[in-house]
Amino acid sequence: MSNTLHPADWINLYGDYLYSLALLKTGNKEIAEDLVQDTFLAAFKAREGFKGISSEKTWLATILKNKIVDHYRKKDVLKNTGDYLAATDESFHDSFFTTGDKAGHWTPATAPKEWHTENADNPVNEREFYQILQYCIQKMPPKLVPVFLARFVDQENADEICKEFNISSSNYWVIIHRAKLLMRSCLEKNWFGA
Amino acid sequence: MAFVSVRNSIYNCKQATLFILKKKDRRLSITERARLFIHLLFCDPCKRFVKQSDFIDHSLHHCDEMLYDQPVHSLPEETRKKIQQELDAAS
């Protein structure tokens, strides 16, 4: 059985979903609206090519995902990533880890504290939780965001991501490491209320 | 000196957190695994980092489903109309 498309229902069925996804990833309402509009129009134009292998929802989400990657490319977000990472290496280290003789350990302020995760298990709070996630993504340095999202939201693997954004494997790991440290500490501050 | 070699063979927290993340992507070498294991034996904050990192992965992994079932934001009415008009014009 293959899936079929129902463009007349798209906005009602997927408008809020795609908009929420675009807003999570870009943190900007106008950009998110434009991306959703582009997605629906591109999907409509490409509807003949829909093979019905994936669901309508997945198909539309993939188009949006590609639009967002194009958006980063156009803005040249990942330009000179290597230089940026090298230039900020020391200040990033110092903001999380000790320096000097016993370098590289957590400081009292940055060491992970115990989280009380019942907060996030409670469905009533899920919406709020995703708003905090969105906030923490927005607060990340823009050069870290595309790779972080590709890895953890879109579940792509390291090789695909390095190729897609034209970055080296070692820079990939610097980005993933920094982004994860930042996301963790942002959630601890803003959700788990240290 | 034995002391130096022991010190060099143990990760600090910066290295440990990197390898905690790498472990999700690939199989660690035997040395990497041993070093990480030893670090985690003695480091409670890094043990919490393992759990919390998994929690973040899980939340982001289910983001898509969650936003479909329960969208956090509503596409503004004006934008809906605009898109509908463009779709109508294209058909």
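Reader: Where in chain A is Asn166(A) found?

Author: Asn166(A) is found in the loop between α9 and α10 (169–190) of chain A. Helices are DSSP runs of H or I with at least four residues, and strands are runs of E with at least two, numbered from the N terminus. The model is predicted: local features need pLDDT of at least 70, side-chain atom pairs count only at pLDDT 80 or more, and totals for chains, interfaces and linings use all residues. Residues are numbered from 1 along each chain as its sequence is written, chains are lettered from A and ligands numbered from 1 in the order in which they are written, and side-chain values use heavy atoms, with hydrogens and water left out.

Reader: What is the phi of Asn166(A), and is the residue buried or exposed?

Author: Phi of Asn166(A) is near 55 degrees, a positive value in a residue other than glycine. For cover, buried means under 20% relative accessible area, exposed over 50%, and partly exposed in between (1.4 Å probe, protein chains only). Asn166(A) counts as exposed because its relative accessibility is 69%. Gln155(A) also has a positive phi, of about 55 degrees, although it is not a glycine. Gln155(A) lies in the loop between α8 and α9 of chain A, and at 36% relative accessibility it counts as partly exposed.

Reader: How many helices and strands does chain A have?

Author: Chain A has ten helices and zero strands. Its C-alpha trace spans about 65 × 40 × 35 Å along the principal axes. Of the 194 residues of chain A, 53% count as buried. Chain A exposes about 9600 Å², and carbon and sulfur atoms supply 49% of that area. Accessible areas come from the Shrake-Rupley method with a 1.4 Å probe; for residues, only the protein chains shown count as cover.

Reader: How many residues of helix α8 of chain A are buried?

Author: Helix α8 (residues 145–152) of chain A is mostly covered, with eight of its eight residues buried. Among them are Phe148(A), Leu149(A) and Arg151(A).

Reader: What does Glu164(A) touch?

Author: Contact means heavy atoms within 4.5 Å. Leaving out residues up to four places away in sequence, Glu164(A) touches Lys65(A), Val69(A), Arg73(A) and Glu156(A). Glu164(A) itself is found in helix α9 (residues 158–165) of chain A. For chain A as a whole, residues 24 or more positions apart account for 70% of the contacts with a separation of 6 or more.

Reader: Which side chain of opposite charge is nearest to Glu164(A)?

Author: Lys and Arg count as positive and Asp and Glu as negative; His and the chain ends are not counted. A salt bridge is a side-chain nitrogen of Lys or Arg within 4 Å of a carboxyl oxygen of Asp or Glu. The nearest side chain of opposite charge to Glu164(A) is Lys65(A), 4.1 Å away; Glu164(A) is buried yet has no salt bridge.

Reader: How many salt bridges are found over all chains?

Author: The whole structure has 13 salt bridges over all chains. One of the pairs is Glu114(A) and Arg48(B), whose side chains meet at 3.9 Å, N to O. Glu114(A) lies in the loop between α5 (89–96) and α6 (118–121) of chain A and Arg48(B) in helix α4 (residues 44–61) of chain B, so this pair joins two chains. Glu114(A) is partly exposed at 44% relative accessibility, and Arg48(B) is partly exposed at 22%.

Reader: Which residue forms a salt bridge with Arg26(B)?

Author: Glu32(B) does, and the closest N and O atoms are 3.1 Å apart. Arg26(B) is partly exposed, with a relative accessible area of 36%, whereas Glu32(B) is buried, at 15%. In another salt bridge, Asp44(B) pairs with Lys47(B), the closest N and O atoms being 3.2 Å apart. Asp44(B) and Lys47(B) both lie in helix α4 of chain B, three residues apart, about one turn of the helix.

Reader: Which residues form a nonpolar patch on the surface?

Author: Patches are made of residues with over 30% relative accessible area and no salt bridge: like charges are joined within 9 Å, nonpolar side chains (Val, Leu, Ile, Met, Phe, Trp, Tyr) within 5 Å. Here Ile10(B), Phe37(B), Ile38(B), Leu41(B) and Phe42(B) form a nonpolar patch, with about 530 Å² of accessible area together. Leu41(B) belongs to helix α3 (residues 30–42) of chain B and counts as partly exposed because its relative accessibility is 49%.
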